[in-house]
Amino acid sequence: MTAKIGYDDVEVGTELPAQTFPVTRATLVRYAGASGDFNPIHWNEKFAKEVGLPDVIAHGMFTMAEAIRVVTDWLGDPGAVVEYGVRFTKPVVVPNDDQGALIEVSAKVAAKLDDNTVRVDLTATSAGQKVLGMSRAVVRLA
């Protein structure tokens, strides 16, 4: 696969299509099974509250993975991601109801770099709070 976006077709400030990702307790259980991370803070409300959390929280790596989907969907090729890093700033709290939580992600091209690469800065929020800080990806364009 190759990125579907051309280097000459973007400028600093180009906004990627924003996306919203729903997260339920069932989502967290499936992710725990796939990742092998069965920490009870991700599925056991009683335990999460006993350790000082407001409720069950989403896995940090799950949140990070959902956020980069905005970039990979825009690119059309997940292999075009050269670097990706974040800081976890707030947890995504997932209540035990039919709605769960939402992770809202927006992104824009922040810098054009060498070798047909650009830096994309992402903003991820949940319940009005920024959940990822310094969320940046370097991607190779066509």
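A note to myself: I am looking at a predicted model.

**Entry on Phe38**

I found Phe38 in the loop between α1 (25-35) and α2 (45-50). Is Phe38 buried or exposed? Its relative accessibility is 51%, so Phe38 counts as exposed, because the cut-off for that word is over 50%.

**Entry on Glu66**

Next I turned to a helix. Glu66 lies in α3, which covers residues 60-75. Buried or exposed, I asked of Glu66? I read a relative accessibility of 10% for Glu66, so it counts as buried; the cut-off here is under 20%. Which residues does Glu66 touch, if I skip those up to four places away in sequence? I noted Phe21 and Ile103.

**Entry on Thr2**

Then I went to Thr2, which sits in the segment before β1 (15-23). I looked up its relative accessible area and got 56%, so Thr2 is exposed. Leaving out residues up to four places away in sequence, I still found Thr2 touching Leu75, Asp77 and Ala142.

**Looking back**

My page now has Phe38 as exposed, Glu66 as buried and Thr2 as exposed.

Notes
Residues numbered from 1 in each chain as written. Predicted model: local features only at pLDDT ≥ 70, side-chain atom pairs only at ≥ 80, totals over all residues. Heavy atoms only, no water. Helix = DSSP H or I, 4+ residues; strand = E, 2+ residues; numbered from the N terminus. Buried < 20%, exposed > 50% of the residue type's maximum accessible area, 1.4 Å probe, protein only. Contact = heavy atoms within 4.5 Å.
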